[in-house]
Amino acid sequence: MGRPRRDDVVTFDVSHDADDGVDDAARTGDGRADGVAAVPRRDRVRRWWRAATRRQRRTATALVAGAAVVLTGGTVAASTLANHVEAERLRTAPGGVLSLDGPLTEVWSADVSSIAAVLPAGGIVTTEGPRVVAREVATGAERWEVTLTGAVECGPRPRLDSVAEWTVPVETVTCVHGRAGNRAVTVLDADGAVVGQRGLAAERYGGRARSVVAAADGALAVTEHDTDLPERLTFATPDEMFSELSQMEVDGGGTRTWLEDALTGERRQTLDLVELPWAHGVDCYTLGEDEVDSSGLGTAGRATLNLGATLGTPTMVGFAGCAADGAATYTGVPLGYRSALATTWPRQSVRQPYPDERFVVPAGEGSSLLADDGEPVLDVPGLRLEVPATDGTAGDGYVAVEGAERVVLLAEDGSERWSAPGESPRVLVRTDDLVVVSGWDELVGYDAADGTERWRLAPDAGPRRYVLSAVTDGVRMTGVLMDVSVEATAELSLFTLDLRTGQEVAPRVRDVATRTVLAVDGHLVVPELPADEVLLGDATTPVVGLRVLAPGEGGA
């Protein structure tokens, strides 16, 4: 395991097969170190029930009602019920996986064009060229396949940086497909049957000034721009390009986004977008360089218009633009507006679904937490509320980050319970008794009750490091570790550690092409991203491959 340093700091460079300081003879039958108190299963179930969301409680109640194992006297077998409840808790918890107990091995993989949606009962939908394919996420077994025409884009796509959206299954999958000028929309149900289809007239849905994406509940999100910005600009040098675009004024007032029924075209709601006053031309163009001679020494600047992205996710519809911004739930609850250009890295969406059917939204320089009807639950000026991975047992209060300097745990009323410093901190995992925070060159486990530091990992020397994302089974976590060398190249790998000790407990999975790990129906999913967008992309980055990992030999 890790080598102790001053203040009992442990290095990142730890070995999964080293001694953890507890003799095998001193372990109990369930693997605990002697002297570590076990929480009775019944108490764990009670504790989970108190912390569970309404959806988790409804599902657990259904499991109890349908249980087939009955003891003499008519009571449900306690152990069977507890196993059902714990499994359901992990399946429905954001970032929760059933088990990380053992070396991670690949269960199945596929080359894909996108991950389109999550289906009920552990289904996942991908597009693969013209094909729309639904599989069992646990095994990769195919549920159904539909072949459409031309380029196919389906949704509602969960965002890569939203742990909660991957726990939201949908009953319909909507696909926009075909060639330019001859596109159509097809709506499929969860079994792959065609619900309906409609042609998309070019004069209404085509052209560079319009974007159309699939949304939830058989809908389309449509954005239309009224802009006179040129589609492409060239400059003598990259420096000239940046200088001129930084001074170019842009107007976001001509952007409109609405939600409409995919099959009838009937408008369901129109978003209230606001113009972003700080926007300039540099925000509305994708910048590039072109060689101007064979020596490769001379380069010219190239700027391609990019007005922003229309979003249709399982939980919201919106437009995240360079000069306009706005979003709402599918019931029409507004989800706030960005107050400034995003400066945090890794990039993180400012609107996030939160457990118990709530939503984190931007509010000035801070965040607000809204109930499902839009009523404010909590306002935290100057703080960004975090939605970390959890096993479903997270206690009361909220975790938040202040700028690039501090992580804070707030009580239910918003008062500060404790805080800790950090360099660009991000809350990765929260369980009933632990908060795990990543920052540059450190990973720290804090006691959730009072902020006491339980363990800390830090590098000896050499590359800078950052843990970008994580999932958890409540006992362990698996995260994406980025090593940045002195040559500014980044290596990405997956590591698994014990949440009680901070020690690595499995071999690393090397050379992964991702910045995030996902939990879908309790299974560990690794989306593979294009090489040039692994670190620099945002929530709309395309997915080109899919791997599902699980503990192999020696795991539970």
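**Notes on the predicted model**

1. Strand E4 (residues 123-128) and strand E5 (residues 131-136) run antiparallel and are joined by six bridges. Within this pairing, glycine 123 stands opposite glutamate 136 in E5. Please keep in mind that the model is a predicted one.

2. The two strands belong to an open sheet of four, with the order E3-E4-E5-E6 and antiparallel pairing. Strand E3 (114-119) and strand E6 (142-147) are the edge strands, each pairing on one side only. On average, neighbouring strands of this sheet are turned by 20° against each other, direction ignored.

3. On confidence, the chain has a mean pLDDT of 85, and 81% of its residues reach 70 or more. Residues 1-11 have pLDDT below 50; this stretch has 32 contacts in the model beyond near neighbours in sequence. Residues 57-76 also stay under 50, and for them the model has 22 contacts beyond four places in sequence.

4. Which residues of helix H5 (residues 238-247) are buried? They are Pro238, Met241 and Leu245. Seen down the axis of H5, these buried residues fall within an arc of 55°, so they line one face of the helix.

5. The face of H5 turned away from the buried side carries Asp239 and Gln247, which are exposed. The cover over the buried residues of H5 includes strand E13 (232-235), strand E17 (285-291) and strand E18 (299-305).

6. The structure holds three aromatic pairs. One of them is formed by tryptophan 418 and tyrosine 446; this pair is tilted, with 5.5 Å centre to centre and 40° between the planes. Tryptophan 418 lies in strand E30 (residues 416-421) and tyrosine 446 in strand E33 (residues 442-447), so the pair ties together parts that are 28 residues apart in sequence. Both tryptophan 418 and tyrosine 446 are buried.

7. How are the rings of tryptophan 440 and tyrosine 466 arranged? Their centres are 5.2 Å apart and their planes stand at 65°, so the pair is edge-to-face; the cut-off for that class is over 60 degrees. Tryptophan 440 sits in the loop between strand E32 (434-439) and E33, and tyrosine 466 in strand E35 (residues 464-472), so that the pair links distant parts of the chain, 26 residues apart. Tryptophan 440 and tyrosine 466 are both buried.

Note on methods:
Residues numbered from 1 in each chain as written. Predicted model: local features only at pLDDT ≥ 70, side-chain atom pairs only at ≥ 80, totals over all residues. Heavy atoms only, no water. Pairing = 2+ DSSP bridges. Axes fitted to C-alpha atoms, helices over the stretch in contact; angles between N-to-C directions. pLDDT = per-residue confidence, 0-100. Contact = heavy atoms within 4.5 Å. Buried < 20%, exposed > 50% of the residue type's maximum accessible area, 1.4 Å probe, protein only. Arc of directions from axis to C-beta. Phe/Tyr/Trp six-rings, centres within 6.5 Å; stacked < 30°, edge-to-face > 60°.
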